[in-house]
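Hi everyone, thanks for coming.

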Protein chains: 8
Amino acid sequence: MNGDGVLDLGYARLDLDREARQGVPEIVYGPGKTREQIVGIAAALLDRSAGPVLVTRVAPQDAPAVLAQVPEGAYHADGRLLAWRPAPPTGFHVAVATAGTSDGPVAAEAEAVARVLGMTVTSVPDIGVAGLHRLLAEAERLRAADAVIVVAGMEGALASAVGGLVAAPVIAVPTSTGYGAALEGVTALLAMLTSCAAGITVVNIDSGFSAAMAAHRLAQVARKTP
Amino acid sequence: MNGDGVLDLGYARLDLDREARQGVPEIVYGPGKTREQIVGIAAALLDRSAGPVLVTRVAPQDAPAVLAQVPEGAYHADGRLLAWRPAPPTGFHVAVATAGTSDGPVAAEAEAVARVLGMTVTSVPDIGVAGLHRLLAEAERLRAADAVIVVAGMEGALASAVGGLVAAPVIAVPTSTGYGAALEGVTALLAMLTSCAAGITVVNIDSGFSAAMAAHRLAQVARKTP
Amino acid sequence: MNGDGVLDLGYARLDLDREARQGVPEIVYGPGKTREQIVGIAAALLDRSAGPVLVTRVAPQDAPAVLAQVPEGAYHADGRLLAWRPAPPTGFHVAVATAGTSDGPVAAEAEAVARVLGMTVTSVPDIGVAGLHRLLAEAERLRAADAVIVVAGMEGALASAVGGLVAAPVIAVPTSTGYGAALEGVTALLAMLTSCAAGITVVNIDSGFSAAMAAHRLAQVARKTP
Amino acid sequence: MNGDGVLDLGYARLDLDREARQGVPEIVYGPGKTREQIVGIAAALLDRSAGPVLVTRVAPQDAPAVLAQVPEGAYHADGRLLAWRPAPPTGFHVAVATAGTSDGPVAAEAEAVARVLGMTVTSVPDIGVAGLHRLLAEAERLRAADAVIVVAGMEGALASAVGGLVAAPVIAVPTSTGYGAALEGVTALLAMLTSCAAGITVVNIDSGFSAAMAAHRLAQVARKTP
Amino acid sequence: MNGDGVLDLGYARLDLDREARQGVPEIVYGPGKTREQIVGIAAALLDRSAGPVLVTRVAPQDAPAVLAQVPEGAYHADGRLLAWRPAPPTGFHVAVATAGTSDGPVAAEAEAVARVLGMTVTSVPDIGVAGLHRLLAEAERLRAADAVIVVAGMEGALASAVGGLVAAPVIAVPTSTGYGAALEGVTALLAMLTSCAAGITVVNIDSGFSAAMAAHRLAQVARKTP
Amino acid sequence: MNGDGVLDLGYARLDLDREARQGVPEIVYGPGKTREQIVGIAAALLDRSAGPVLVTRVAPQDAPAVLAQVPEGAYHADGRLLAWRPAPPTGFHVAVATAGTSDGPVAAEAEAVARVLGMTVTSVPDIGVAGLHRLLAEAERLRAADAVIVVAGMEGALASAVGGLVAAPVIAVPTSTGYGAALEGVTALLAMLTSCAAGITVVNIDSGFSAAMAAHRLAQVARKTP
Amino acid sequence: MNGDGVLDLGYARLDLDREARQGVPEIVYGPGKTREQIVGIAAALLDRSAGPVLVTRVAPQDAPAVLAQVPEGAYHADGRLLAWRPAPPTGFHVAVATAGTSDGPVAAEAEAVARVLGMTVTSVPDIGVAGLHRLLAEAERLRAADAVIVVAGMEGALASAVGGLVAAPVIAVPTSTGYGAALEGVTALLAMLTSCAAGITVVNIDSGFSAAMAAHRLAQVARKTP
Amino acid sequence: MNGDGVLDLGYARLDLDREARQGVPEIVYGPGKTREQIVGIAAALLDRSAGPVLVTRVAPQDAPAVLAQVPEGAYHADGRLLAWRPAPPTGFHVAVATAGTSDGPVAAEAEAVARVLGMTVTSVPDIGVAGLHRLLAEAERLRAADAVIVVAGMEGALASAVGGLVAAPVIAVPTSTGYGAALEGVTALLAMLTSCAAGITVVNIDSGFSAAMAAHRLAQVARKTP
């Protein structure tokens, strides 16, 4: 570790200041890293920080080997998340809605990350706008949340419909669900960005992780403002 | 006129067979034609056919001069349509819904063409999904129609919502309403093509005319099948 | 089942009202679902609805296992469709034309879905515009249909040529046939949307299912209007 | 007004329920509306709601005529905003940073809307990453805010840099500043969506309005959570 | 003039060898050049070469002034071409077909350039595929030509249809005719490149000039091969 | 075979008129066809036509089985072409140039098809513009040809350089050689379409077949014109 | 001026450290700034720095008014550059080549900026690859330079050809010259990025300024290394 | 070998003049070449030139076989580079910075090529802008270099930040790191081209090789200028 709050592991340079700056230690993106590298990074972060340690997008076949070497962690299979030292509950409540069952894995990543960061999560799956009564039947549960994450592919219309129903922050996650003109999620992305419901915000395609982190930022401001 | 059902005016080659093949004479696209050419084509079509004669996208300043030389026509200003010899009512009923007021001119073109071709038109403007109760309040009027034309820009979500509410054919018209990521209508176009509501069909951006012509094809099959 | 006409299976939320709203129960998109989920959904729909039950895009190796558990169904291999309780013939007649043999699988999906929904189907394969006499030789068969589905990849020109020959509704399905500048179907999609033949409508790339559903909507209006 | 909380002015259908649903009356998008229509809508909203009334993107030459007929309003020239009955201060504090002076008009729209909705605004202009010390010198002012709106065109790198410095929610607004490969804001949009700083959210190109509305949603959750 | 067959006029560097290499002197692209520059270049080319001298895309208001200073030229208004010293007839015969009247100006450029280069031109306008009998009625005239230039916008389907009818070289020119999904000619361009008719070649959008030059190359090989 | 010059094999509809219309029987695109279908089509074409029969893009492992059942054919492995009854030499001479060795397979397809259709072929590989002297050293061989096919990926600059050196027709074939900004051949395609060398024509990405067919059309006009 | 080397003029925040960091004071982009703002910024930079002061893209009608208030400057009309206190000659020699006369204005900007920054500039205009002998005739002049800026639109092939001829750094500037498939410079940009000549670098479309600044960075390293 | 400095190996045409023109023999791109071809080319280049011989993008499993036949070479595994006869140190110093660990392989290629060409390389990995202090802590090491290669995917912001910190030439390499809106490196490419830091240059996506070659061109000018 050098004097700048940086720990150089050779294969990675950990930003140890991040916990102080942003309320959570650096979160590790799993793909492209070996099991050994994941073990090394997780162990170092557990050693040098106090908060939750997360590794995202870990394949099921890799999780046990890592957990065997870095104990007291858990693998959240649906969300493909490895996590240690989950945060205590913050009372911040996020609802995660999906348009269809194919959007499930992205939602699962958002939910797993949010839970490990201390949020309370309500799942509201499969309420796409082709059957509006399904959505309307869930309106109260959505309105009860402090923030709503909307996960949808294809034309992404659920984000606009939810945006018009709730007053809370809406974080829209386009997914690569669909084919042809869905353009691997670009259509949903563009549609969410041009939503007729004012004040919706958008993150990258398939990034349940980004949505959960955006909610984490919200949770911090909610806690801070009296 | 040659033996092939084609009338060569020098500046245009009229397809005189089209009325027999498709139930309406060739319809004239106004832009790029001089007033004199429009006069010549309209007069020739009135002379060589029996049905309605239409010229689309005619600027308000050009209409009076044409009507002065080809009498008994009318200019439908909202839809920028010049028309002579409107078809008698067919009993076919089309509803034209828009997401917002900016979509109005495209809807007006669809409505004007549909009326001249003998359809009964119900306008259902400004029912975008940011306020779902506006849409739900109009559900019965939409369900009463034989076909629904949905005109929407930005993210085009109205097409999916209407598609889920009605059993009739839905013809979606993306518009160039919006800015930035709306990409001059391409976003709405892609979104409508990937709608989660099954069996929606789509026409070109801003083409109220195409939607009305698609409805005209529907009206013919509706009339024909017992 | 809750009071909103929704059946929550845990892994899916079935829209039981859809049959009343749209004349056919919710149709299931197979990809991404396990055999067990397909079995569960199909059984539930058969139990709670009266009309045909369809699961699209089912791989040949998955069909027998599902049929073994949910009897009295059939697998339409060309169209990769699992179906139970086909609708009685409605008398609505749809022609399905392709530009070339590579477009066959998409046409097969459209045909299989249309037949299960009670339509009479005429196949008109391999009539691309590079040999116009092949198309002209089939003009009468195309004109005899209540609606024409045109399936074409590459430059998609068949849609325009058919659109000029028939008065009936034309539903164009772009396919991902071709390479290079065909851009996996985007070129055919754009070309069909800008067709010089008025009133053609378009559905998503490779979506034979969407075309059949659009024809189903037509069939309903045809039946309804006197 | 009908029973659904909708007021039909003929040229617009006002969603009167929105104030109850979302904490602020429907906000009017000025372009494409005549002065008379703006007068009519503003007067109706002032009459039927209790909160602030805003009309965005109003040209300077149109503002006086509207204000003359609908008194007690104000024109915020930099942000091209007409507003009546501004909200009382909520104590929610938003910082608005720009990368360069060309991003100023978009920031001005965000600031004007935010102020009218009761937020306290700190402007932090011209801190693009080509001179990092300018940004670092402002880090404390940025950290003091409850949320940060980052407005940047060209490569949009400021969003990532700010995202790494603050723990609060970051709302990134790409602008159409730049030429050539800036692709009228699409490059900044894509860059912000793929930011290496976790949890940044993005709104449409040049939409200062959307950013302010997203902040308004944040302010509501901040107020609500104890 | 230097020893390399290059004449440097200060504002342009003329490639005097081109006539020997390619059978026609360098052809001048008018836009962006002043009348004085056009006069200077045309005079120099007339002085230093033996063949036809052409300046393309010259506005009608600029032509008389140039012709007054460089006599014995002619302005071909439809094709916006200034030309001096036209080539004697070569006997090479090119047909120029258009899909619609909006494609006329691009065809006119192709025709004017082809005629000045000594080709015999047959115009076959307005034979788009929406009325196939118009095309079939002209099949013999198209087959009589040594090469066919097909000029079409929107979906560009005429190129495929002509390509299947004739054995001669087909040079397809996409035009920017159309709107929305026509993408200013890109759709026609892509469609022509993926034509199902084998051996069609394509030039740039709206470039009647390029098509005529491609025909000129053909004429040379036709003349050369015994 | 029906009366329209069409032979319906069930799995394909052969256009038997094509030989009369275009000087060569229909050419078969191999991918997506079974060995049995290729055998059936090839046998039928050999039976019902007089000229060469070609099947393109046949994998090496499929060729022997087909040749065993349809004798007297040959497999041109480099060009992945199966062919029977090659045309006698026509005396038409085509040069095929490539920019680099990676462009070889596309050039090989062009060469194989051209040879079977009776053309004399000169290969001029690996003369990309990064070493202009390699190109200049081959200028005479290129000039000796009746037509030049230029095969190049990446930035495709070779087409422009050759276009400036020869007077004959130039058919440019963009290839998918390269990575990143080469966009799988789209960059070379666009570059060739905007070449500064006048009169170059372009075919689809990686389509050596299309280039050879375009040359075949040239060969016919060359033969026909005296 | 605050303690961070930043001068806040209200309408701009000047980075006064930049001269120390990068060898030249901050350079001002003119568009979007009033004459008064340009005067203020230029005067401030002249006051607080020692090196050359430049304002780019200044319209001819604006230059005299600025020069009247900030004396001892000069307007370089071809390059639309206002400059004060030009750097003394550094001995670094840059050649600026263009493909055609339409690329002239972009080259002029590069040349003007380079000269004011102390570089010696050789102009080599109009040497596009359609006439390779023009390029080869200039090869020695290009090789004599320490760096070569290549300015080209359309297909941008000149960059590859020059890149193969010289050993020095090549900075390629794509221009928006051309139409249709030139896509306003995107085609040239992509082509230059995929050049077959190794080690070419690229800057933004039409940015003569960026090329000159890249050359300035080169000049500094050339001066520094012994 | 012919008289033009070209060696024709049948499967490749080596440009033997390149060493004289550009200071290094032709560098071989490995993919698509057999081991035998690589052996043949490497042996020929070693025989006919004096400088370093490099083959890029060689898979680990292919390297030993080549080295066994062409001795005295080395395989640089991280950079996938085979090299013989490395250049003596030139004293030119290049720093290679990455934004994250996923950018490592591209940086490794740049570093390996640079070292074989005689440059001194400093690696500065994992300094992305989400933790600016990591970058600032390395500023002096970056400033000490004669040129900086910045390797970054996702939004590519590191290039702008480094560009503002150093006066030396900056060569930006976008990588395909990231997903969704990262568009396989296109987003980073566009962002780097529109950087707010003046004078940054850009090479193709993932092309560490191009960056090293651009640095090699710089090294030559640095050496040459006194």
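I'll begin with charge pairing: between chain D and chain A the count is 0 salt bridges, where a salt bridge is a side-chain nitrogen of Lys or Arg within 4 Å of a carboxyl oxygen of Asp or Glu. Polar contacts do turn up, with 17 residue pairs across this interface, both residues at pLDDT 80 or more. Such a contact is a pair of N or O atoms within 3.5 Å; within protein, one must be able to donate a hydrogen and the other to accept it, and residues adjacent in sequence count only if both atoms are side-chain atoms.

A word on the source: this is a predicted model, where local features need pLDDT of at least 70, side-chain atom pairs count only at pLDDT 80 or more, and totals for chains, interfaces and linings use all residues. Residues are numbered from 1 along each chain, chains are lettered from A, and side-chain values use heavy atoms, without hydrogens or water.

Now the extent. 37 residues of chain D are in contact (heavy atoms within 4.5 Å) with 37 residues of chain A. Together the two chains bury about 3000 Å², 53% of it on carbon and sulfur atoms; that is accessible area (1.4 Å probe) lost on being put together, summed over both.

Finally, symmetry. A rotation of 180° with 0.0 Å of shift along its axis superposes chain D on chain A, RMSD 0.0 Å, by least squares on C-alpha atoms of residues with pLDDT of at least 70 in both. That is the relation of a two-fold axis. In chain D, the C-alpha nearest the axis belongs to D:Ala222, 2.1 Å away.
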